[in-house]
Amino acid sequence: MTIKIIGAGFGRTGTASLKTALETLLQAPCYHMSEVLGTAGHVDLWIDAAAGNPDWNTIFEGYGATVDFPGSHYWRELADAYPEAKIILSVRDAERWFASTQDTIFSEMMQGLQEGTKWGRMADATITDHMGGDLNDKEALVAAFNDHSARVKAAFGPERLLVFEAKEGWTPLCEFLGVPVPEGDYPHINSKAEFDAVFGLLRSPIGAAVMNGDGIESETVHEDLFNAD
């Protein structure tokens, strides 16, 4: 199996929903930050990737797609590594995106849990350092979000790139991939309420293992954190 879809959109742009949608359409697993949480050794692999020594084949072994951080900051490298893969840039209003991050992935609580851990080093190297270094600086983050989107849009033509917003639902996604629209509503996963489970997980006894990069069972991560954006 090889990567067929590269998600270039930042976390909190409907990436958990897109993960589930792509798994339905491709009938293959989709890589997401939850895989880094759930798979032993992947924190180290991303630290190596950030240092310029990526092992994409190992990271994405068994996956048909990737979305969300940390992969979205490496969209150009991944597009070169997987030249047949299509690119999906998930987007949303930049101001609303910033507000969402401050309640969840970039909150002071999350940063406090990561501080001084291997997970924190990985997150800094693959996310924070790409966004100006201050995850609570609204002006800098909105600029980083908009600049990122502009770079991705400029890099690919419409035959390879889909700019996608979750509220558009199945139709543009299925047309882009050339597959039938499935029955049922487009997934709606990982709202702020559901994300509170992340904080609970990281404060639990297994939180230290996650922060050390030891991982926990991926299915447990998915069931606990991604059951309902």
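pLDDT is the predictor's confidence in each residue, on a scale from 0 to 100. The model described here is predicted. Its protein chain averages a pLDDT of 89, and 90% of the residues score at least 70. Residues 218-229 stay under 50. For this stretch the model has 37 contacts beyond four places in sequence. Where pLDDT is low, the predicted coordinates should not be read in detail.

Two packed helices are described by the angle between their axes and the distance between the axes. Helix α6 spans residues 94-103, and helix α9 spans residues 138-155. They pack at an angle of about 120 degrees, and their axes lie 10 Å apart. The two helices are therefore oblique to each other. The crossing of α6 past α9 is right-handed. On the α6 side, Ala94, Glu95, Trp97, Phe98, Thr101 and Gln102 make the contact. Lys138, Leu141, Val142, Phe145 and Asn146 contribute from α9. Of the residues in this contact of α6 with α9, six are nonpolar, three polar and two charged.

Backbone geometry was examined next. Most residues other than glycine have a negative phi, and most peptide bonds are trans. A cis peptide bond joins Phe69 and Pro70, with omega at about -5 degrees. Pro70 lies in the loop between β3 (65-66) and α5 (75-81). Asp68 is found in the loop between β3 and α5 as well. Asp68 is not a glycine, but its phi is positive, near 75 degrees. Its relative accessible area is 7%, so Asp68 is buried. Gln27, also not a glycine, has a positive phi of about 55 degrees. Gln27 sits in the loop between α1 (15-26) and β2 (30-31). With 67% relative accessibility, Gln27 counts as exposed.

Definitions and conventions. Residues numbered from 1 in each chain as written. Predicted model: local features only at pLDDT ≥ 70, side-chain atom pairs only at ≥ 80, totals over all residues. Heavy atoms only, no water. Contact = heavy atoms within 4.5 Å. Axes fitted to C-alpha atoms, helices over the stretch in contact; angles between N-to-C directions. Helix = DSSP H or I, 4+ residues; strand = E, 2+ residues; numbered from the N terminus. Parallel < 35°, antiparallel > 145°, perpendicular 65-115°, else oblique. Left-handed = near helix turned anticlockwise from the far one by under 90°. Nonpolar A, V, L, I, M, F, W, Y, C, P; charged D, E, K, R; others polar. Buried < 20%, exposed > 50% of the residue type's maximum accessible area, 1.4 Å probe, protein only.
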